[in-house]
Amino acid sequence: MTQPKHTHPLGYVDHTAKQLKDYWFLIILVVWQWASLSPLLRTGAVLVVLVWLLIWPLLQWFSVTYLITPTAIVVHSGIFVRHHRHIPYARLQTVQRKQWFYLRPFHLETLQIETASHQDGEPEVKLRAVPTTVADTIEDYRQAAQLGPQPAPTTAAAEPVPATPSETVAVPDGPVEHSYVIDHHALSLFALTSTGVIPLLVALLWLYGKLPHKLTDSLIDDAAHFALPLIVGGVVLVLLVAWIIAYLWVLIRYYRFTLTSTSDHLQIAKGFFQRNTISAPLDRVQAVRCKQNILRQWLHIQTIQVLLASKAATGDNDHDLVILPAIDQQALYPTLHPFIDWVPASAPTLTDLKVTPWGRWLLCRNAVLFVALPVLLLCLFLRPWGLLSLLLLPIAILQGLFAGHNTGGTRLNDQLLVLQTGHFWTRETFFVPRDQIQSMKLTWSVWLPKHNLAHLAVNVRHGNHNQEIELRYIPADQAQALYAWYLASAR
């Protein structure tokens, strides 16, 4: 590719879809006020909506050109203000490939390219609807840049050749060393135990709050005439529908989840309507997190994520890259170790940094104090329904016990630290290489030394921000020994 090129015209569809997603409320506003507008204002409103939602995306698409050279990626964009980006391959951190179903017959995909200097939440470069061979060419050049002067890859000068399969599948960069494909049973367990139903219920409550007061009052009056079992049944039905929607959403997002690894990269591919392929260098992995909510603890399955020095996982669970969505605890470490060799091949014993009985009492006390004021206010001002908030007190105590029971850690060797926490009914186990620790902090209040307790916080890089792993009310002597190990390694 020697001349700057526009993306495929189907890229205009992607630009239009994004514009509709960001400014859909303009259509709602025009429809809502349509009856009160004069003919002139109606014509003007329609023209504004058409220009902003259809013509502007066309100008955006036309303004973008790209050039893949043996040394860098060059992208030109901007309508009124032109932007010129020159990205050497040595600066690439992650390349994310997204392929909507309507792009598959044309062997096109969207590329998101990130470097260390990208804006928070935004990739450095986003190329909509480019041939699938473009990402392969970029990877060839990137590997050649790492190895030194090499002959230019032949795919750079050739026009993209349509693939023969009906669905274009991204091929991992370099020879595949290990692979994992999720089975239907594990994917179903992952979907059934997802907490995605919670934001869905919050969204339904928000929509209910936006309904006219006359309508909601009428619904409440009508419901008062029905028997209690029917009302309870309606609530259960709403919860069931929300759970089914959340279940299907996870199945669609993680359809045919595949993890592969080469000598220096991890690659994840998933998705039904949009096939999302993320390639991340192994040397950008800052830590590995094994995550279990309380439902997955009962089922003995865990979700494995990696914390990256990039935002390649934006839109993923907690913006971390999921590499094993749901795997049995017994098979976790033998499965994970071949992909990330510094993670142990068997489950570690977290005998150190355990919370003492006095520390557990303090965790319970803190949890109760956190909810005490809201409970008091609800009981005073929202009687009698506010009395239901008293249930938060035993829940807070149980959360304190949960946190104390699941806190722990140990130093597996001179290069690897394992830390475990329990927050909001979720147990998280972090594997942190010593070289990836950005800082370590040891703190205690004036009352803790007499009980030999302290707080330990370990900070690692997480995208453009910081991930703090904090263990509270752990033995002070063990925390100080770990802090001394960190200081010795930092010199």
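**Notes on the predicted model**

1. Strands β9 and β10 (residues 265-270) pair in the antiparallel sense, with four bridges between them; two strands count as paired if DSSP finds at least two bridges between them. Strands here are DSSP runs of E of at least two residues, helices are runs of H or I of at least four, and both are numbered from the N terminus. In β10, Leu266 is the bridge partner of Ser261.

2. A word on the ground rules. This is a predicted model, in which local features need pLDDT of at least 70 and side-chain atom pairs count only at pLDDT 80 or more, while totals for chains, interfaces and linings use all residues. Residues are numbered from 1 along each chain as its sequence is written, and side-chain values use heavy atoms, with hydrogens and water left out.

3. Strand β9 (residues 258-261) also pairs with strand β8 (residues 178-181), again antiparallel, through four bridges. Here Ser261 of β9 stands opposite His178.

4. Arg256 has a positive phi, near 50°, and is not a glycine. For context, most residues other than glycine have a negative phi. With a relative accessible area of 39%, Arg256 is partly exposed; buried means under 20%, exposed over 50%, and partly exposed in between (1.4 Å probe, protein chains only).

5. Phe424 is another non-glycine residue with a positive phi, about 50°. Look for Phe424 in the loop between β16 (416-423) and β17 (426-433). Its relative accessibility is 73%, so Phe424 counts as exposed.

6. Now to the open sheet: four strands, in the order β1-β2-β3-β4, with antiparallel pairing.

7. On the annotation side, UniProt (unreviewed entry) places the feature "transmembrane region" at residues 23-55, 61-81, 187-208, 228-252 and 362-381. UniProt positions follow the numbering used here, feature names are shortened, and annotations may be inferred rather than shown by experiment. Residues 23-55 are 82% helix and 0% strand, with the end C-alpha atoms 14 Å apart. Residues 362-381 are 100% helix and 0% strand, and there the end C-alpha atoms lie 29 Å apart.

8. Helix α10 (residues 357-381) packs with helix α11 (residues 392-406) at an angle of about 150°, their axes being 8 Å apart. Axes are lines fitted to C-alpha atoms, for helices over the stretch in contact, and angles run from 0 to 180 degrees between N-to-C directions. The two helices, α10 and α11, are therefore roughly antiparallel, a term used for angles over 145 degrees. The crossing of α10 past α11 is right-handed, meaning that the near helix is turned clockwise from the far one by less than a right angle.

9. Finally, the cysteines. Zero disulfides turn up in a search of the whole structure, a disulfide being a pair of cysteine sulfur atoms within 2.5 Å. Cys290 counts as buried at 1% relative accessibility, and Cys379 is buried with a relative accessible area of 12%.

Conventions:
Parallel < 35°, antiparallel > 145°, perpendicular 65-115°, else oblique.
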